[in-house]
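Work through the exercises below with the model open. Each task is followed by its solution.

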Amino acid sequence: MAETIRIGTRGSALALWQAHYVAGLLQSGGLATEIVTIETKGDRILDRSLAKIGSKGIFTAELEDALHSGRVDIAVHSAKDLQSELPPDLRLIAFTEREIASDVLVSLHPGILLTDGQPWRIGTSSTRRVAMLRHFYPHLVPTDMRGNLQTRMRKLHENHCDAMILAYAGVHRMKYDAHIAAHLPTETFTPAVGQGSVAVEASVKLAADKSEKIRALVNHVPTETCLRAERAFLRELEGGCSIPVFGLAGFDVSEAESPVSASGGTFSFSGDTISLHAGIVSLDGTQLIHRTLSGNTSEPETLGIRMAEEILAAGGAQILRDIEGR
């Protein structure tokens with residue numbers, strides 16, 4: 001009988017969707033799976049904003065403890081929830097093919113517009129989204145909105161806010177597409193690093209043959225290349241989910257190529273060049289620094305590091321110091 005791969009996951013409906021999605025990929029290759037549900041700090045503490053709790057490991061620490069103890073073989077995370085630095089004895093072995101990475105406006109008012117001048121209350125728990133709202137749409141009223149997606153949708157129905165900004169991937173996977181009022185352009189409202197992909201984390205002690213089999217069945221190489229660039233950028237800035245940093249990489253398109261929709265834009269999975277659009281915005285939204293750089297697909301981390309150096313030199317370092325001071 002094949003050895004069972006124990007998959008650690010948070011218990012929300014979306015997290016379980018991700019775990020079962022990875023399980024399905026493993027089962028397609030003949031591996032048996034078991035889902036192990038683990039509650040995290042971020043699931044327990046819902047009465048404070050992410051920034052006040054502290055972002056490091058808020059949705060991952062307990063899952064990583066289970067990896068350390070051997071209770072699970074792999075842990076499945078939303079890639080955007082991962083801290084920039086992993087413990088030295090853990091590693092990321094796979095990234096699933098990325099869903100459209102953009103943020104979306106979700107509302108019960110289908111005609112709502114962020115640009116109509118109305119002081120709509122916009123629900124979000126993300127410091128990045130709050131800062132971007134303050135920068136692009138200062139007339140809007142950011143409203144803290146914690147909880148899993150189903151809880152947030154309930155709060156929307158209870159009129160806690162007029163609309164919410166959420167990742168398209170989660171909204172789509174939970175079948176709330178009918179409530180999408182607008183897709184926010186990634187060129188301006190750039191998503192969080194890793195948004196749209198599911199990451200698989202494992203201990204360095206996981207048997208090599210098992211790790212290689214999991215990677216072969218789950219990993220999507222073009223997505224991994226993009227996320228390696230994005231995560232290198234995030235790591236150099238020492239950013240997390242309480243820091244308003246953003247980044248989105250994609251493969252460049254030539255006129256002769258047939259583009260494929262992914263990462264919130266249109267690009268090809270062929271070629272040897274990727275572009276990274278990334279930056280940082282101050283908490284009050286008054287300063288937004290961003291750049292677009294290109295690099296070779298063989299060195300995505302180099303591209304991410306170069307991006308971080310440019311953003312820091314352009315004023316990002318001072319924004320980070322101001323955030324740390326608060």
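**Exercise 1.** At what angle do helix H1 (residues 13-28) and helix H8 (residues 208-218) pack, and how far apart are their axes?

The model is predicted: local features need pLDDT of at least 70, side-chain atom pairs count only at pLDDT 80 or more, and totals for chains, interfaces and linings use all residues. Residues are numbered from 1 along each chain as its sequence is written, and side-chain values use heavy atoms, without hydrogens and water.

Step 1. The angle is about 105 degrees, and the axes lie 9 Å apart.

Step 2. H1 and H8 are therefore roughly perpendicular (65 to 115 degrees).

Step 3. The contact (heavy atoms within 4.5 Å) involves Val22, Leu25, Leu26 and Ser28 of H1, and Ile214, Leu217 and Val218 of H8.

Step 4. Sorted by class, this contact has six nonpolar residues, one polar and no charged.

**Exercise 2.** Describe the pair Trp17 and Tyr21.

Step 1. The ring centres are 5.2 Å apart and the planes stand at 10 degrees, so the pair is stacked (centres within 6.5 Å, planes under 30 degrees apart).

Step 2. Both residues lie in helix H1, four residues apart, about one turn of the helix.

Step 3. Trp17, at 30% relative accessibility, is partly exposed, and Tyr21, at 33%, is partly exposed (buried is under 20%, exposed over 50%, partly exposed in between, with a 1.4 Å probe and protein chains only).

**Exercise 3.** Is Phe189 buried or exposed?

Step 1. Phe189 has a relative accessible area of 2% and is buried.

Step 2. Phe136, at 31%, counts as partly exposed.

Step 3. Phe136, Tyr137 and Phe189 form one aromatic cluster.

Terms used
Axes fitted to C-alpha atoms, helices over the stretch in contact; angles between N-to-C directions. Helix = DSSP H or I, 4+ residues; strand = E, 2+ residues; numbered from the N terminus. Parallel < 35°, antiparallel > 145°, perpendicular 65-115°, else oblique. Nonpolar A, V, L, I, M, F, W, Y, C, P; charged D, E, K, R; others polar. Phe/Tyr/Trp six-rings, centres within 6.5 Å; stacked < 30°, edge-to-face > 60°.
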